[in-house]
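This report considers strand pairing, salt bridges and surface charge in turn. Please consult the sequence and the coordinates alongside the text.

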Protein chains: 2
Amino acid sequence: MPSGKKQPISVAAVAVDIAVLTIKDGQLNVLLIKANNSPFPEKWVIPGGLVKPNESIGDAVKRHLLAKTGLKNVYSEQLYTFGKVDRDPRGRVVSVAHFVLIPYGAFEPKTSEAYADIQWFPILKIPKLGYDHNEITETAFERLKAKLEYTNIVYSLMPKEFTLGDLQKTYEIILGKNLDKRNFRKKILQTKLLKKISKKTLGEAHRPAQLYSFAKRSPQFIEVI
Amino acid sequence: MPSGKKQPISVAAVAVDIAVLTIKDGQLNVLLIKANNSPFPEKWVIPGGLVKPNESIGDAVKRHLLAKTGLKNVYSEQLYTFGKVDRDPRGRVVSVAHFVLIPYGAFEPKTSEAYADIQWFPILKIPKLGYDHNEITETAFERLKAKLEYTNIVYSLMPKEFTLGDLQKTYEIILGKNLDKRNFRKKILQTKLLKKISKKTLGEAHRPAQLYSFAKRSPQFIEVI
DNA sequence: CCAAAAGTGTTGCGGTTACACCCATGT
DNA sequence: ACATGGGTGTAACCGCAACACTTTTGG
């Protein structure tokens with residue numbers, strides 16, 4: 001029995017926190033905000049907030065993401081649930097962390113009246129964050145690296161049209177290592193995840209490149225790299 | 001801002017639910033209980049309960065597991081957090097599901113006064129459970145299968161001493177397929193996870209087998225099968 | 001002597017890795 | 001002309017899969 005004494009049942013509350021990731025300037029970036037009503041007004045944090053009694057966890061992620069950033073219709077995945085007793089100074093809050101992936105160039109953060117500041121930070125150079133958000137972003141980064149190798153998740157980081165060079169660069173940035181161009185192309189084309197577009201790049205100081213897009217923009221498990 | 005109106009903040013509460021798994025009678029089994037104080041007194045469920053304001057999620061898992069089953073010092077891992085609005089008829093409860101692995105033969109459930117019934121069920125033949133516990137056990141099964149192939153997690157399902165035949169059988173039961181004996185032995189001995197015991201099996205109607213134990217009983221990431 | 005599981009190597013195949021040159025465009 | 005990234009094939013190597021017989025015990 002949870003409690004011997006008859007006392008009001010007191011329990012932990014639920015929040016969501018969201019590591020929003022994208023590729024920018026040749027690096028993986030995380031979206032950080034400074035919220036005025038935060039217990040850490042001077043520290044950067046990732047977007048998030050409480051889950052209401054009448055909404056699912058996924059809905060809470062959508063709501064807070066939209067409210068804090070304006071983003072919607074993005075790839076989102078549950079990451080891990082963080083539950084240290086003292087992780088929130090205001091009280092006992094358990095956070096279901098998520099990560100969200102944004103195609104590069106698809107979103108430029110704008111400060112609003114409610115949220116003092118909002119900005120992309122290269123994931124390798126993020127400052128000390130509020131709560132346990134450094135741990136959450138680190139976990140998100142690890143998960144992304146792992147999933148890149150056995151799923152087609154990369155589609156959610158790419159724009160509609162891209163070259164094989166762009167795609168390879170995305171892999172190289174996240175995995176932190178160089179890949180062989182010919183082997184990469186062989187492997188990625190084998191998967192049949194891509195389809196050629198009847199267009200090529202123009203206006204760049206080198207040979208035009210074939211453009212591709214993803215055949216299916218939905219999660220699949222496949223040996224990719 | 002979460003709420004425009006100034007009203008008491010109402011949020012979801014946090015619980016843990018635990019899929020306890022073991023090998024028994026050549027099958028993977030889950031531990032199910034019937035609790036008298038459950039909203040589903042006639043249905044089997046997996047052990048679990050609320051998280052207190054002053055305990056971490058891991059501590060809540062330990063507490064509920066000990067209270068409901070007597071088990072302690074077991075392998076435990078966070079699985080996924082389930083947060084459908086109506087998953088608990090008593091109110092809004094988000095459950096951080098875990099799975100726990102028990103060496104085979106190490107635990108025989110005993111009914112206590114508080115918990116009407118407690119029993120192992122083959123995972124392929126579990127009945128319709130209370131809450132969303134069928135989904136949780138299914139998720140646990142999938143996770144176990146996946147981790148078996150790229151970690152040394154199997155150690156937590158094995159007794160201290162075992163034969164290579166025993167170990168292979170464990171893999172075969174969980175993965176649901178037969179493995180080649182010679183290839184299995186080569187692969188598993190390559191990993192250096194095992195050490196020979198200076199003992200052999202006795203009293204069985206066949207050639208005695210070399211006994212092994214795990215060199216390290218801690219989680220590692222290694223290509224196993 | 002029979003049944004049952006333990007124990008043991010080699011070969012072929014397939015996939016991964018390593019590697020270098022020409023092409024098309026803009027400046 | 002030159003700089004820049006695009007685009008292409010092959011050979012060596014290594015890891016994985018397939019495969020069968022002998023050994024040791026208990027009954």
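Which residue of β9(B) does T163(B) stand opposite? The model under discussion is a predicted one, and in it T163(B) faces L211(B).

## A three-stranded sheet in chain B

In chain B, 3 strands make up an open sheet with the order β7-β9-β8, and their pairing is antiparallel. The edge positions are held by β7 (162-163) and β8 (194-200) of chain B; each has a single partner strand, so one side of each lacks a neighbour in the sheet.

The antiparallel pairing of β7(B) with β9 (residues 210-214) of chain B runs over 2 bridges. The facing residues T163(B) and L211(B) belong to this part of the description.

## Salt bridges in chain A

Over all chains, the structure contains 20 salt bridges. One of them joins the side chains of R87(A) and D17(A), with an N to O distance of 3.3 Å. This pair connects distant parts of the chain, 70 residues apart: R87(A) is in the loop between β4 (75-82) and β5 (93-102) of chain A, while D17(A) is in strand β1 (residues 13-24) of chain A.

R87(A) is buried, its relative accessible area being 7%. D17(A) also counts as buried, at 8% relative accessibility.

## Salt bridges in chain B

In chain B, D132(B) and R87(B) form a salt bridge whose closest N and O atoms are 2.7 Å apart. D132(B) is located in the loop between β6 and α2 (133-150) of chain B and R87(B) in the loop between β4 (75-82) and β5 of chain B; the pair therefore ties together parts 45 residues apart in sequence. Both D132(B) and R87(B) are buried. In chain A, salt bridges with shared partners join D17(A), R87(A) and D132(A) into one network.

A further salt bridge brings together the side chains of K24(B) and E108(B), at 3.6 Å from N to O. Here, too, distant parts of the chain are linked, 84 residues apart: K24(B) lies in strand β1 (residues 13-24) of chain B, and E108(B) in the loop between β5 (93-102) and β6 (117-122) of chain B. K24(B) counts as partly exposed at 24% relative accessibility, and E108(B) is partly exposed with a relative accessible area of 48%.

## A positive surface patch in chain A

Which residues form the positive surface patch? The patch consists of K181(A), R182(A), R185(A) and K186(A). Of these, K186(A) is located in helix α4 (residues 181-190) of chain A. K186(A) has a relative accessible area of 53% and is therefore exposed, the cut-off being over 50%.

Methods:
Residues numbered from 1 in each chain as written. Chains lettered and ligands numbered in written order. Predicted model: local features only at pLDDT ≥ 70, side-chain atom pairs only at ≥ 80, totals over all residues. Heavy atoms only, no water. Pairing = 2+ DSSP bridges. Helix = DSSP H or I, 4+ residues; strand = E, 2+ residues; numbered from the N terminus. Patch = residues over 30% accessible without salt bridge, like charges linked within 9 Å, V, L, I, M, F, W, Y side chains within 5 Å. Areas by Shrake-Rupley, 256 points an atom, 1.4 Å probe, with all protein chains shown as cover. Salt bridge = Lys/Arg side-chain N within 4 Å of Asp/Glu carboxyl O. Lys, Arg positive; Asp, Glu negative; His and termini not counted. Charge placed at Lys NZ, Arg CZ, Asp CG, Glu CD. Buried < 20%, exposed > 50% of the residue type's maximum accessible area, 1.4 Å probe, protein only.
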